[in-house]
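Here is a short briefing on one structure. The points below cover selected residues and the nonpolar cores.

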Amino acid sequence: MTTTEVAALDDILYPPTEPYLDGMLAVGDGQQLYWEECGNPDGKPVVFVHGGPGGGCTPNYRRYFDPARYRILLFDQRGCGRSTPHASEAVADLSANTTWHLVDDIERLREDRGIERWQVFGGSWGSALGLAYAEAHPDRVTELVLRGIFTLRRSELDWYYNGGAANLAPEWWRSFEAPLPEGYAGDRMLKYNELLFDPDPAVHGPAGVAWTTWEAATSTLEFSQDLVDEFSDPAFALAFARIENHYFVNAGWFREGQLIEDAVKLAGIPGVIVQGRYDLPCPITTADALHRAWPEADYRVVLAGHSVSEPAIAAELVAATDRFA
């Protein structure tokens, strides 16, 4: 991210804020989720659903909401961030880490924090999980604010991991393919699954970094070396890549097209969809399909790529949360 972009983003977001409360929530299967609250304890509840899956939350995510008007809840999903056990550990078992486990986790968090209804805010994978939660529990959702729409349809996964997006980022595609056998032409997600879960650090380590840097390098309209460097941290990269790959080879445990078909369940829930016109990981065609299935949502297309930190995207998200406050 350039200095100009940082300044612009800081002008858009609310000032940094610290949690007034945090903790660990036991959700079963030996899993402990990190959660935190910041803002106004008596404000409008909102839950931030982070991306990846496996991305975890960062302090900047608190800043998309007015801290005087919102009770802001952030949590790290199973296996990542500050939640335990971490998916980078040698004994990591992802069998109890599926979309429907996470939907149940969000409900447990809502009940644990004594919240009747809340706003759901999510982007990228967070848009998929936010949709899954809202379609399962529409009576618990006051509004949906979604960005960079991703629904794990086969066409979306193949576009990004089996060659479509390579046409727009060939140099980074070569890096993504580097851990694979030379000339490999099969399903790259399946081959990466073998590499990422290989017990040998000399195999799973480089595979994790190659997987995550492909995403970091292609997530912003202007290339960000800082983002690539951040995603290259070995422990972060391995957990992120393992969890993402685990979800993608299983198509998110959705039937094909489920999240868009079931958008009829969102009727009556106010919503905003923010989409970068040049989003490479999550092309605009998915956001367009969701809006056609959920026409009452306010659909905002901006000149940007995929990242929540791009100023054009951030400005629309803050405008949405201000409107719903």
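Contact means heavy atoms within 4.5 Å. This is a predicted model: local features need pLDDT of at least 70, side-chain atom pairs count only at pLDDT 80 or more, and totals for chains, interfaces and linings use all residues. Residues are numbered from 1 along each chain as its sequence is written, and side-chain values use heavy atoms, leaving out hydrogens and water.

**Ile12**
- Ile12 lies in helix H1 (residues 3-12); helices are DSSP runs (H or I, at least four residues), as are strands (E, at least two), numbered from the N terminus.
- Ile12 counts as partly exposed because its relative accessible area is 24%; buried is under 20%, exposed over 50%, partly exposed in between (1.4 Å probe, protein chains only).
- Leaving aside residues up to four places away in sequence, Ile12 touches Pro311, Ala314, Ala315 and Val318.
- From Ile12 to Leu144 is 132 residues in sequence and 20 Å in space, C-alpha to C-alpha.

**His306**
- His306 sits in the loop between strand S8 (298-302) and helix H12 (311-324).
- His306 is buried, because its relative accessibility is 5%.
- Beyond residues up to four places away in sequence, its contacts include Ser124, Arg147, Asp279 and Cys282.

**Nonpolar cores**
- A nonpolar core is a set of buried Ala, Val, Leu, Ile, Met, Phe, Trp, Tyr and Cys residues joined through side-chain atoms within 4.5 Å.
- The largest has 73 residues; Trp118, Leu144, Trp211, Trp214, Phe248 and Trp294 touch the most other members.
- A second, separate core of 26 residues includes Leu9, Tyr64, Phe65 and Val302.
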